[in-house]
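Please keep the display in view while reading.

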Amino acid sequence: MSKVKNLQVRANTIAPHRRGLSLVFPFLFVGLLIIARFLVPNKMTFLVEVATFSIYAMGNNILMGYMGYISFGQPFYLSSGAYTAALYLAYVGRNPLIAIALAIVTGLIIGGVFGTIFMRLKSSYFTLINAALCAMGLFMFQRLLIDVTRGDDGLWYRSRMLATPLLDIRFPKNFFFFVMAVLLVVLLLYRQLHRSALGNVFRTIQSNEEKIQFLGYNPFKIKVAGFTLATVMASFAGSLFAINFGFVNPNMGENSRAIEVVVATLLGGVGSLYGPLFGTLGFLGIKDIVSNFVSRWEFVVGIVTMLILFRFNEGIWGFFLNAGAWLKVRIDRGASAKKAR
Amino acid sequence: MGTIISTKGVVKQFAAFKAVAGVDLDVEENETLAIIGPNGAGKTTFLNILTGLYIPEAGRVYFRGKDVTNQKPEARVASGVLRTFQIVQVFDNLTVFENMALSYYRKKEKSSMPVNMFFVNFYKSIDIAKAVDETLALFDITSARETQVGNLSLGLKKKLEIAMSWIADPDVLILDEPFAGIGDQEIDEILTIMQRIQHKKTIILVEHKVSKLGGIVDKLAVMHDGKLIAVGPFEETMNDPTVRESYWKISCDENDTAGSANIQNILKGNVTFDGAAEEKSGAVKRELLKVENLDVGYGQLKVVFDVSLNVNQGEIVMLAGRNGAGKTTLFRTICGFLPKMNGKVSFNGEDISALEAFKVAQKGIKYIHQDKTVFRSLTVRQNFELSSYATKDKDLEEVLPYFPKLRVLMDRKAEALSGGERQMLLMAMALLGKPPLVLMDEPTEGLAPHVIEDLVSIFQQLKTKTTLFIVEQNLPLVARVADRVYSMKEGKIVAETTDRAEICNLTFERYL
Amino acid sequence: MDKWITAVLYGFSSGAILFLVSLALSIGYGLMRVVNMEAMLYYSFGAYATYVVVSQTGSFILGAIVAMAIGALLGLLVETQLLRRLYHRKMMFTMVATYSTFLVGIGIIQMVWGLQPKPVSSPTTAIITILGANIPLYRLLVIATAIVAYILIQTMLNKTIIGRAIQAGVENRDNVQALGININKIFTGTFVVASAFAGLGGALNAPLIMVGPYMGFDMLLLAFITVIVGGLGSIKGTALSAILIGQVISVGGTIWGPLAYVAPFIAMFIVILVKPTGLMGVKSAAY
């Protein structure tokens, strides 16, 4: 009992966002995913999905974990990226890399425009208006632009994609390595953000939005920047999905899926550096298993979310950190006991 | 030298209420100016105008001769105006170091472009670390460097907030009630720091604890009802006839020396006795409220330890002690707002420690909250109606004779009342239905001296009507009013006395 | 011409249902500062209750009464078991918690009634001709019900001492308790009334749409828009914006089909741009 307490005391003396920042982790995690691909070859698609979705979740973590704003409209930004890539590949060009670049630009524009509108609102309104935008986006892709998006039938363009230099990402095996490399880069950048001045300014939005202007920062600008960053990461992830599947349909932007990324972020440990990655792994894992038993899984998602909220609020990454701290205490103790002898 | 910041006829209005009604003020470079005045005089609103949180309806604000009236707060920070807040404002989810680094970085870089900020790593920059460590050492908070701010005490947070402004190398440092809610030792520490920076920087501060200001203030300004009624050197302003008339309410017709002495006493914390001798009845007093071995805490953190006390019928009992001593927690537990850990609270011999707050009130223990919140959107009459709904006692005439001022205010919205009027309304509401016991949490806090005088006389009149149990920090007042005093320190009752002289001569303060 | 009269009257009836349903969201926020997304469950369960009662007994009135009872019961359950725990939590926490409650509720509906939408027959098929336009009597009854509900709730909040206690409790809960008033009971009561109205909204809407497990989702979005436009926590604002949104959907849809979906969002964006707190929203919302 006392050990558990010790572990908590020790873990709690360090601010949560300052724990587990070692440079080793991004390489370790990506390495583990690559090893997993060879150990369980039939789960390769799953691992690609985890990598892609975790980029989406990292974006959401900037909003939720850093700034304390929660959006129920992230699927819209995801599907905007996917549709940008898809429309480009289906009608305009054939290079997947350009498609990705265009999706990022779309994210920047959407984030900038809607950020300047939404970030004037109180956080409760922010959540709701994002959900509303998401519904409008769904309607747009499904009905309004049906002539170009083909509505629920989806847009197919796999055969139009051209080979990319160095690594031909049209093949799933190659795409896996491409996504892993992307994930590594994103994780390294995310680590930099986490430790940077910008990351800390984002965190202040959560605790005291008013004070920050009396240190000379413009809170509105910071919030728009954070929102845009989240949007860009979502649409980037969307374009990766689009290229991986070779087709898109409006399903990706459904309102009912807004909770997915929120749950993934919570499950990993909200506001933490590697939480989104582990949350995604946990969430998609649960989904993978549950979908074998029930067709619609709202019920399960709801129950899981409640459990995390009320019983497990540090998330998976927080659990790992605590376990690590506990181990370290034990090792230190063992060492000092030896010395004493 | 010369004027660094000045205002010309600034006005700020909230609905019909003029919080600041035309203030002209010039602040010289490197001087220290204190603004005093009762709560609601418009001091904080004025600071908010100076720092850009509010844009005034009329009048201009100048900084180094430049009109900055419409400039946003962040722009004023960039030109060197930094401030702290009455209710301490720091970033609870960050560490002390990060709080400081954010302030330093912004001042140093002159750029808050998100892209630039992305590449700056606080934890690796030697430059930032050096500046932060120097300032932390100056403010004596080095030991808390890596602590998450949410875990700090109020005193440390206050110091941190000043340090955060200080590290940005301000030209003008604005402090809103830096001493509110912290202990004497911490006040002295902050004073020492202020003395060190005095005459190197312009300092503007708002403060209630006038007795602490004498040593460091060059100029004193007194605000009353949204206007500056006097500005000048410290002593001179304190003795200014207008100030004494409206703020201290000491008539100028009085013998001049007596008036002056009175002010000196208030400044030093001494008091003059009321002439009337206390009537001591020999009869055995009936025990009304009894608290036995009470422990209270929030989660793991215990704040009230093994408290036992009793209040007898017809007494005025006061509970003295510093902020954070656990007085309010104790009161809230007695009244059922907080659950106890151990112990027992009984009222008229009946155990009430498990009752919900509204049931405790129905038993006849009324509680008046520290923050003087009346129901703002209701009129005075509707406030009364609400109170009589609970007690089924509609006879206002029972209480109104004690509060004649309220009669004329019956149909006014409660939000338009002054601090003193609010306190009176709260007391009158509590007294409806003849409750046997009324608990008041700091009833005089933030009120002007002449309003406090009114309250004191009401307390004394109420003695025959009910029993009062009051939290009070103003020791001179305690000495005048209380029959019995408990002193609380760090969650424990450390002393009990009925000896007025003991309280009065401040020997009692060593227990606090 | 009659096309437009039909559109306007249909708009009022949609607005009426929107108002009944959004009330729970608005009151939940006004009283407890909780955005209670699970409010749409009262609506969905109300509709399903009506479906069950109407298919068993054929009585729509009984169905509506049962729907109100179910809504009230669920509201009571959720308020005492969940919302009480959320009072002092962060907005983010409460939103996720209530949203996942909503999902659990949808899951239960799926388990009990399946995915297939169910039809509910209208209690009256009578048609009334107004200025040359043919209007189903049922729609007029819906409008009348909503007006009665509005008057009831406004009277309760503004004219009675209970309403005054609620107003005071929104400002400061503890101080109302200190007067000896059981404010929790009053709040719970008010919330239960709002939940019953949401249930009634479900019952009234059942004959107009198909009763399906995702009807709550569709309504949630419109209810969001309604409370955002009206201002969270304001009853008058909710009523005004429900009428506005109803009209925008109905009249917009008559002008050009797809507008029925897009127009509410456009209306919301315009309102938000002009007044970020909504039509009647104030900083500290008291009614």
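**Briefing on the predicted model**

In this predicted model, the domain assignment of chain B gives two parts, namely domain 1 (3–266) and domain 2 (287–511). Their C-alpha centres, those of domain 1 of chain B and domain 2 of chain B, lie 32 Å apart.

**Fold of chain C**

- Chain C contains eleven helices and two strands.
- Along the sequence, the elements of chain C are arranged in the pattern α-α-α-α-β-β-α-α-α-α-α-α-α.
- Chain C has a radius of gyration of 19 Å, close to the 19 Å given by the globule rule for 287 residues, so chain C is as compact as a globular protein of that length.

- Taken along the principal axes, the box filled by the C-alpha atoms of chain C is roughly 60 × 45 × 35 Å.
- Among the 287 residues of chain C, 59% count as buried.
- Of the contacts in chain C with a separation of 6 or more, 76% are between residues 24 or more positions apart.

**Contact between chain A and chain C**

- Chain A contributes 33 residues to the contact, and chain C contributes 31 residues.
- On the side of chain A that touches chain C, α6 (123–144), α12 (258–268) and α14 (298–311) of chain A each supply at least two residues.
- The largest share of this side of chain A, 13 residues, is provided by α6(A).
- By residue type, the side of chain A that touches chain C consists of 21 nonpolar, eight polar and four charged residues.

Conventions: Residues are numbered from 1 along each chain as its sequence is written. Chains are lettered from A and ligands numbered from 1 in the order in which they are written. This is a predicted model: local features need pLDDT of at least 70, side-chain atom pairs count only at pLDDT 80 or more; totals for chains, interfaces and linings use all residues. Two residues are in contact if their C-beta atoms, placed from the backbone, lie within 7 Å. Helices (H or I, at least four residues) and strands (E, at least two) are DSSP runs, numbered from the N terminus. Ala, Val, Leu, Ile, Met, Phe, Trp, Tyr, Cys and Pro count as nonpolar, Asp, Glu, Lys and Arg as charged, and the others, Gly among them, as polar. Domain bounds come from an automatic or database domain assignment. The radius of gyration is taken over C-alpha atoms; the globule rule is 2.2 Å times the number of residues to the power 0.38. A residue is buried if 20 or more other C-beta atoms lie within 10 Å of its own, exposed if 12 or fewer, and partly exposed in between; C-beta atoms are placed from the backbone.
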